[in-house]
Amino acid sequence: MVSAEGDTFGDLLLNALKGAVYAVIVGSVLGFLASRAVRRALDSGWAEPASLRMAGLALPFLTYAASVLVEGNGFVAAFVAGLWYATTVSAIGGDSLGLVQDVGHLLALAVWYAFGALAAEAFADGIALQVLAYALLVLTVARFVPVTASLTGTDLTRPESVAIGWLGPRGVTSIVFAVLAYAQLPKEEADFVVNVTAATVLLSVVLHGVSAEPVARWFARHPRSEEQVPPPGLGR
């Protein structure tokens, strides 16, 4: 299998693995150092907890940029750094991630804005039937079957497993990768990725938006009885 740039599938797989390894290393190093630095500043009285919120906001951006510089996956690096920084968050106390959450919400709105512009351009000439069929397949069989299968043997009841398998909306994460693809891929491939992602997300908004409330009402009318809850250690 050969990509548009002449790389084999094995080359692409190796590059992805290298990117993940580099990301884990960068995320671990920066997350550990940031955690130690913030804890030291807090314990020594060099900074107030409120001012240390900026560290939590700067860390994911710094980690992402550093990982990309060494050809690592920026998203994985930021996630790993967050795992290292988790204990520091609890030590700072209060609403230590409030600033991060506010900025994240603002950035999510910006992503949706960009997605709206791309979707309008992508569907200017209508939606291809193949794209719509693929989006429907992604939201049903391609997600529902593996998710429900992975929950087999857990403490969840069958209705709960089915609900989890169905209520998997596609949103900001899918849009982010579509925007990255649009910026990096050749135009024809980029347009195809945007078309498929836009159809999937828009269909998800409709299907999951309409069905979420009826599903929630069903569970409210059928609460889990004590007999359905297995003893600790069973079903795992």
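Tutor: pLDDT is the predictor's confidence in each residue, from 0 to 100. This is a predicted model, where local features need pLDDT of at least 70, side-chain atom pairs count only at pLDDT 80 or more, and totals for chains, interfaces and linings use all residues. Residues are numbered from 1 along each chain as its sequence is written, and side-chain values use heavy atoms, with hydrogens and water left out.

Student: What pLDDT does the protein chain average?

Tutor: The average is 80, and 89% of the residues score at least 70. Over residues 231–236, pLDDT stays under 50.

Student: Why is Leu17 called exposed?

Tutor: Exposed means over 50% relative accessible area, buried under 20%, and partly exposed in between (1.4 Å probe, protein chains only). Leu17 has 54% relative accessibility, so Leu17 counts as exposed.

Student: Where is Leu17 placed?

Tutor: Leu17 lies in helix H1; helices (H or I, at least four residues) are DSSP runs, numbered from the N terminus.

Student: What makes a nonpolar core?

Tutor: Buried Ala, Val, Leu, Ile, Met, Phe, Trp, Tyr and Cys residues make one when joined through side-chain atoms within 4.5 Å. The largest nonpolar core here has 16 residues, and Phe115, Phe123, Ile175, Ala198 and Ala199 touch the most other members. Helix H9 gives the largest share of this core, 6 residues.

Student: Which residues is Ile175 in contact with, leaving aside its neighbours within four places in sequence?

Tutor: Contact means heavy atoms within 4.5 Å. Ile175 is in contact with Val111, Trp112, Phe115, Thr197 and Val201 when those neighbours are left aside.

Conventions: Helices (H or I, at least four residues) and strands (E, at least two) are DSSP runs, numbered from the N terminus.
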